[in-house]
Amino acid sequence: MPERVDGRGPGSGDGPGPGARRRGPVFGLAEVYNPSMLPTLRPGDRLLLHYGAAVRPGDVVVVRHPFRQDLLIVKRAVERQDGGWWVRGDNPQVVNDSREFGAVPDELVVARARVRLRPLGAQRSPLAVASWALSAVRPLRAARSLSSLLRAR
């Protein structure tokens, strides 16, 4: 299942070329719809995206699927290769990543995820709300140790 990006991000169509100034918003939101990034991200999590941000190994990124470019997916950038970025999900049970489609060209990297926003569950007890408040907003930092474990060689 795909992750979806809402309409607050840059328009779909041809964007500016390399080095050109980006038009439209610099930040946007995405919602996670599948378990490919468990345990880091869960279905229902929202992501604050930074369009045009530099990507480093270990970053969580939104990319266009190389075989179906209308489909946006959330993955972890593992390694920069000649053909683009090798990306993988954190969940080893889901294979919809570079193991299936190879490196993702740079022009298909849409944004870098900066913050995870976890929605409040149905349970509204004071303890549940306090627990949610402590973990709902969390910066997404590059997982250096994880990226070395996921190295594609």
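Asp 97 is buried, with a relative accessible area of 0%, where buried means under 20% relative accessible area, exposed over 50% and partly exposed in between, for a 1.4 Å probe and protein chains only. The model is predicted, so that local features need pLDDT of at least 70 and side-chain atom pairs count only at pLDDT 80 or more, while totals for chains, interfaces and linings use all residues. Residues are numbered from 1 along each chain as its sequence is written, and side-chain values use heavy atoms, with hydrogens and water left out.

**Exercise 1. Determine which residue meets Asp 97 in a salt bridge, and which network includes the pair.**

Step 1. The criterion is a side-chain nitrogen of Lys or Arg within 4 Å of a carboxyl oxygen of Asp or Glu.

Step 2. A network of salt bridges links Arg 88, Asp 97 and Arg 99.

**Exercise 2. Locate the salt bridges of Glu 31 with Arg 46 and of Asp 59 with Arg 112 in the secondary structure.**

Step 1. By the rule above the count comes to eight salt bridges; one of them joins the side chains of Glu 31 and Arg 46, at 3.7 Å from N to O.

Step 2. Glu 31 belongs to strand β2 (residues 27-31) and Arg 46 to strand β3 (residues 46-51), so this pair ties together parts that are 15 residues apart in sequence; helices (H or I, at least four residues) and strands (E, at least two) are DSSP runs, numbered from the N terminus. Arg 46 is partly exposed, with a relative accessible area of 33%.

Step 3. In the salt bridge between Asp 59 and Arg 112, the closest N and O atoms are 3.1 Å apart. Asp 59 sits in the loop between β3 and β4 (60-65) and Arg 112 in strand β7 (residues 109-117), so the pair ties together parts that are 53 residues apart in sequence.

Step 4. Asp 59 counts as buried at 2% relative accessibility, and Arg 112 counts as buried at 8%.

**Exercise 3. Describe the surroundings of Ala 142.**

Step 1. Ala 142 is found in the loop between β8 (137-139) and α3 (144-149), and is partly exposed, with a relative accessible area of 21%.

Step 2. Leaving aside residues up to four places away in sequence, Ala 142 touches Pro 57, Gly 58 and Asp 59, contact meaning heavy atoms within 4.5 Å.

**Exercise 4. Work out the geometry and the placement of the aromatic pair.**

Step 1. A search of the whole structure finds one such pair, the rule being that rings of Phe, Tyr and Trp (its six-membered ring) pair if their centres lie within 6.5 Å, with planes under 30 degrees apart counted as stacked, over 60 as edge-to-face and the rest as tilted.

Step 2. The ring centres of Phe 67 and Phe 101 are 6.5 Å apart and their planes stand at 80°, so the pair is edge-to-face.

Step 3. Phe 67 lies in the loop between β4 and β5 and Phe 101 in helix α1 (residues 98-101), so parts that are 34 residues apart in sequence are tied together.

Step 4. Phe 67 counts as exposed at 63% relative accessibility, whereas Phe 101 counts as buried at 8%.
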